[in-house]
Amino acid sequence: MKRFTIATSILSLMMMLFIACSGDNNDNTDPNVSPDPKPTNGKTLVAYFSQTVPEGVDATTGATNVVRENGNDYGAAQYLALMVARKTDADTLRLTAASGHYPVEYNDLAAFARTERDNNTHPALTSRRVNMADYTNIIVVTPIWWYTVPMPVYSFLDAYDLNGKSVFVATTHAGSGLADAVAVIRKEEPNAKVLNNGFAVSASNVSNSISADVDRWLQQLGLTDR
């Protein structure tokens, strides 16, 4: 794999307000919950949301940080999700809303995302449907917008019953780590076995350089022996 670069190297102050500021910390341990579940034998699905912007449009948010590889652009969360999927031999499901649902200009996207969050709006997904019965392990990869997961992730949790499945969480962010991603999924899917500790990486640092960190996380989960 060729080495690639991040399309933007400095995140703006507005971005920090958009995505949240709380330090980079993968530990989301809650002493009141049961120990982390172990993955069970069976297929794994990586479900991810990643909002990117067209070439030439300012890409300064954790939602739209672009990783460029071999002339192709990937959203930071998308690149992380595809890396995880390769390492675990998992299927992938990209969560998408209708074309044009999200503005491409940064300020408009930030304002729209905040309004959507404040109104608890769960947008209709245009993603292909999968048979969730085929999977025992679900890895959710998402950016953090306005201190929480983007609303299409809520739509995914509305659309699928994860009862009894082992669920693992990874986020890209601009300082907020996992934020409330684990708590959101645990609340929305109370009968799923949601891993207590997830993987969090700054969106501006998503590149092949995090491969070893991802390996360690997946090995700890028992999802790979690499």
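Author: What follows is a short talk about salt bridges and a cavity in this predicted model.

Reader: How many salt bridges does the structure hold?

Author: The structure holds five salt bridges.

Reader: Which residue does Asp215 pair with in a salt bridge?

Author: Asp215 pairs with Lys87, at 2.8 Å from N to O. Asp215 lies in helix H6 and Lys87 in helix H2 (residues 76-88), so the pair ties together parts that are 128 residues apart in sequence.

Reader: Is Asp215 buried or exposed?

Author: Asp215 is buried, because its relative accessible area is 18%, and buried means under 20%. Lys87 is buried too, with a value of 12%.

Reader: What else does Asp215 touch?

Author: Leaving out residues up to four places away in sequence, Asp215 touches Lys87 and Thr224.

Reader: And what about Asp213, which residue does it bridge to?

Author: Asp213 forms a salt bridge with Arg216, with the closest N and O atoms 2.2 Å apart. Asp213 and Arg216 are three residues apart in helix H6, so about one helical turn separates them. Asp213 is partly exposed at 34%, and Arg216 is partly exposed at 45%.

Reader: Which residues are linked in a network?

Author: Salt bridges link Arg114, Arg117 and Asp118 in a network.

Reader: New topic. How much space lies in the largest cavity?

Author: The largest cavity holds about 50 Å³ of space. Its lining includes Tyr102, Arg117 and Trp145.

Reader: Which helix gives the most to that lining?

Author: H3 gives the most, with three residues. By class, the lining has seven nonpolar, one polar and two charged residues.

How values were computed
Residues numbered from 1 in each chain as written. Predicted model: local features only at pLDDT ≥ 70, side-chain atom pairs only at ≥ 80, totals over all residues. Heavy atoms only, no water. 1 Å grid on protein atoms, 1.4 Å probe; cavity = no way out; pocket = protein on both sides within 12 Å on 5 of 7 lines; lining within 4 Å. Points joined across faces, edges and corners; volume = space filled by probe spheres on them. Helix = DSSP H or I, 4+ residues; strand = E, 2+ residues; numbered from the N terminus. Nonpolar A, V, L, I, M, F, W, Y, C, P; charged D, E, K, R; others polar. Buried < 20%, exposed > 50% of the residue type's maximum accessible area, 1.4 Å probe, protein only. Contact = heavy atoms within 4.5 Å. Salt bridge = Lys/Arg side-chain N within 4 Å of Asp/Glu carboxyl O.
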